[in-house]
Amino acid sequence: MKTRLLSVMLCIFTGLAGSFVHAAEEGKPVAAPPPPSLTFAFELRAKVADAVVIGQVPHGTRRFVPMLSGTLIGPMINASVVPGSGGDWLLVQPDGFTELDARYTVRTSSGELVYVQNSGMRHAPPDVMQKLNAGQAVDPKLVYFRSVPKFETSAPGLQWITRSIFVGVGERTPNEVIIRFYRVE
């Protein structure tokens, strides 16, 4: 059964690819499909402690920011960050470009647990990043802060969250991280 399904999918893909190649060869413009829409899902507000600077490692300066508490609230889910369940492991380049790797657990209002791994990046002009990394307030409009979370849960009613793609748009204040997550439709 799997082999037949794979064969059918391969035939469809080959046919579509062939159509695009054929249209391109004839000089016809190939219309791009419409982009997916985004639907606001929830907002993370996490209180964080001061960064622990681990130091210079082969690919930048490693920092750890413990997550103290927080909420995940919105039309698709309501939850609280489980205290002591995580933080953000950052890798900061000399110009301030930062790779983010946050991991934590949330408990929904009905008691279900969800593990979150949120990978992303944050960058701005060097002077803005210097202030941000020193714990100073900066205008969030000056900072590109985007992420892609992945969710894991055993809760049957929350499997939709594990089978959806989300993008996050974040901002950082001296003691808080705010990320608004949108589901890709």
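With a relative accessibility of 26%, Arg 180 counts as partly exposed, and in this predicted model its side chain forms a salt bridge with Glu 171, where the closest N and O atoms are 3.2 Å apart. The pair belongs to a network of salt bridges that links Glu 43, Arg 45, Lys 47, Glu 171, Glu 176 and Arg 180. The count of salt bridges in the model comes to six.

**Salt bridges of Glu 176**

- Glu 176 and Arg 45 meet through their side chains in a salt bridge, with an N to O distance of 3.4 Å.
- Because Arg 45 lies in strand E1 (residues 38-48) and Glu 176 in strand E10 (residues 176-184), this pair ties together parts that are 131 residues apart in sequence.
- Glu 176 also forms a salt bridge with Lys 47, for which the closest N and O atoms are 3.8 Å apart, a value that falls within the 4 Å cut-off for such a pair.
- Since Lys 47 is in strand E1 and Glu 176 in strand E10, the second pair likewise connects parts of the chain, here 129 residues apart in sequence.

**Accessibility of the partners**

- Glu 176 has a relative accessibility of 13% and therefore counts as buried, the limit for that class being under 20%.
- Arg 45, at 33% relative accessibility, counts as partly exposed.
- Lys 47, for which the relative accessibility is 41%, is likewise classed as partly exposed.

**Background on charge pairing**

- Side chains that carry opposite charge can pair when their charged atoms come close.

Notes:
Residues are numbered from 1 along each chain as its sequence is written. This is a predicted model: local features need pLDDT of at least 70, side-chain atom pairs count only at pLDDT 80 or more; totals for chains, interfaces and linings use all residues. Side-chain values use heavy atoms; hydrogens and water are left out. Helices (H or I, at least four residues) and strands (E, at least two) are DSSP runs, numbered from the N terminus. Buried means under 20% relative accessible area, exposed over 50%, partly exposed in between (1.4 Å probe, protein chains only).
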